[in-house]
Amino acid sequence: MKQIAIDASRCIGCGKCVKDCVASALYLSDGKATPREGCIGCGHCFAICPTGAVDMPGYDKTGCDAITPMTAVDSDTLLRAIKSRRSVRQFKDVPVEREKIGKILEAGRYAPTGANSQNVAFTVLGDRQDEIERRCVRLFRTAVAAGRPFVSLLRNADINDSFFFKGAPLVIVVSGHDSVNAALASAYMELTAGSLGLGVLYSGFFCGCARLDPKIRAALRLPKGHKAVTCMIIGYPDVAYQRIPPRRPPRVNVLPRK
Ligand SMILES: Cc1cc2nc3c(=O)[nH]c(=O)nc-3n(C[C@H](O)[C@H](O)[C@H](O)COP(=O)(O)O)c2cc1C
């Protein structure tokens, strides 16, 4: 896909796109922005151009016409909401609306990725959820009975039939070549789900099962080279928290002067 195209009749030669291009893939020629090789398709030129002279052919640009700055979100409210977020392990038997799923996926799509690789995938388990959970439960019971590898965390745990997905209506596995990209996408998705009244649990145990069992990996049909980085269990919470739990102080290291 050709990444960008400049409409020379609109370009005023201000150089803003040239200055902001991380890949130095634009230069000014005869007072007009001109693309060269190296573009990573990040869209900074598209976003910054004061006259709309930059196009990204082949992309759906619905909703790309105006921005909402983060400052539109009150920082005290945002921080308190972040601190009030809890992992949810009890869910109502109510499906998540398609529109809300769309918003959650949109948040993941817009999380930053290294070099704008956008190499993150979102796998919705859908009709396969119960069957995959049954396999995980069998595997886990066997592994725990054999005393490995999760035993200390599970000493008192009841590995019941809904141990992994907790009866939640929606499970999304976020995968990528790179764990950081997929984890960042997951965090954006989690916060968006919270703002929609939904609760989320990350199932690290599920990702452990996917690592252990090739059949679970095969059932997920992840893109080539992807690993399951997070497994997000999502639904309407059947639990309400009343206060913010305390946390250890942050470990902040300020480097001493030389
Ligand atoms: C990567 C990751 C994996 C997790 N895996 C599980 C899991 O498999 N089962 C579970 O009950 N909780 C899991 N959790 C939830 C943590 O136990 C939880 O975040 C932590 O106890 C703090 O509670 P809070 O999220 O409510 O602040 C996971 C959390 C993260 C970030």
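The legends below go with an overview and several close-up views of this predicted model.

**Figure 1. The whole protein chain, to get your bearings.** The protein chain holds eight helices and eight strands. Its C-alpha trace spans about 75 × 50 × 40 Å along the principal axes. Of the 258 residues in the protein chain, 23% are buried. Among contacts with a separation of 6 or more, 75% join residues 24 or more positions apart.

**Figure 2. The shell around the ligand.** Here you can pick out the residues around the ligand: Arg 86, Ser 87, Arg 89, Leu 201, Tyr 202, Ser 203, Gly 204 and Phe 205. Strand 7 (199-202) and helix 7 are the elements that give two or more residues to this shell. Sorted by class, the shell has three nonpolar, three polar and two charged residues.

**Figure 3. Helix 5 and its two sides.** Helix 5 runs over residues 129-145, which makes 17 residues. From first C-alpha to last, helix 5 reaches 24 Å, close to the 24 Å expected at 1.5 Å a residue. Its buried residues are Ile 132, Glu 133, Cys 136 and Phe 140. Looking down the helix axis, these buried residues fall within an arc of 95 degrees, so they line one face of helix 5. Helix 7 (204-212) and helix 8 (214-220) are among what covers them. On the face turned away from the buried side, you will find the exposed residues Asp 130, Glu 131, Arg 134, Arg 141, Thr 142 and Ala 145.

**Figure 4. The largest nonpolar core.** In soluble globular proteins, nonpolar side chains tend to be buried together. In this model, the largest nonpolar core has 35 residues. Those with the most contacts inside this core are Val 171, Val 174, Val 200, Met 232, Ile 233 and Ile 234. Elements giving two or more residues to the core include helix 4 (98-109), strand 5 (120-124), helix 5 and strand 6 (170-176). Strand 8 gives the most, with six residues. Another core, of eleven residues, lies apart from this one, and its members include Ala 25, Leu 26, Ala 33 and Cys 39.

**Figure 5. Val 171 and its contacts.** Val 171 is one of the residues with the most contacts inside the largest nonpolar core. Setting aside neighbours within four places in sequence, Val 171 is in contact with Leu 125, Gln 129, Phe 165, Cys 231 and Ile 233.

**Figure 6. Glu 190, a buried residue of helix 6.** Glu 190 lies in helix 6. Glu 190 counts as buried because it has 23 C-beta neighbours inside 10 Å, and the cut-off for that label is 20 or more. Not counting residues up to four places away in sequence, Glu 190 touches Val 200 and Met 232. Ile 104 is 86 residues from Glu 190 in sequence, yet their C-alpha atoms are 7.6 Å apart in space.

**Figure 7. Two loop residues with positive phi.** Ser 24 sits in the loop between helix 1 (16-20) and strand 2 (26-29). Its phi is positive, about 50 degrees, although Ser 24 is not a glycine. Ser 24 counts as exposed because it has 10 C-beta neighbours inside 10 Å. Asn 116 is found in the loop between helix 4 and strand 5. Its phi is near 55 degrees, again a positive value in a residue other than glycine. With 16 other C-beta atoms within 10 Å, Asn 116 is partly exposed.

Technical notes:
Residues are numbered from 1 along each chain as its sequence is written. This is a predicted model: local features need pLDDT of at least 70, side-chain atom pairs count only at pLDDT 80 or more; totals for chains, interfaces and linings use all residues. Helices (H or I, at least four residues) and strands (E, at least two) are DSSP runs, numbered from the N terminus. The expected span of a helix is 1.5 Å times one less than its number of residues. A residue is buried if 20 or more other C-beta atoms lie within 10 Å of its own, exposed if 12 or fewer, and partly exposed in between; C-beta atoms are placed from the backbone. The arc is that of the directions from the helix axis to the C-beta atoms. Two residues are in contact if their C-beta atoms, placed from the backbone, lie within 7 Å. A residue is near a molecule or strand if its C-beta atom, placed from the backbone, lies within 6 Å of it. Ala, Val, Leu, Ile, Met, Phe, Trp, Tyr, Cys and Pro count as nonpolar, Asp, Glu, Lys and Arg as charged, and the others, Gly among them, as polar. A nonpolar core is a set of buried Ala, Val, Leu, Ile, Met, Phe, Trp, Tyr and Cys residues joined through C-beta atoms within 7 Å.
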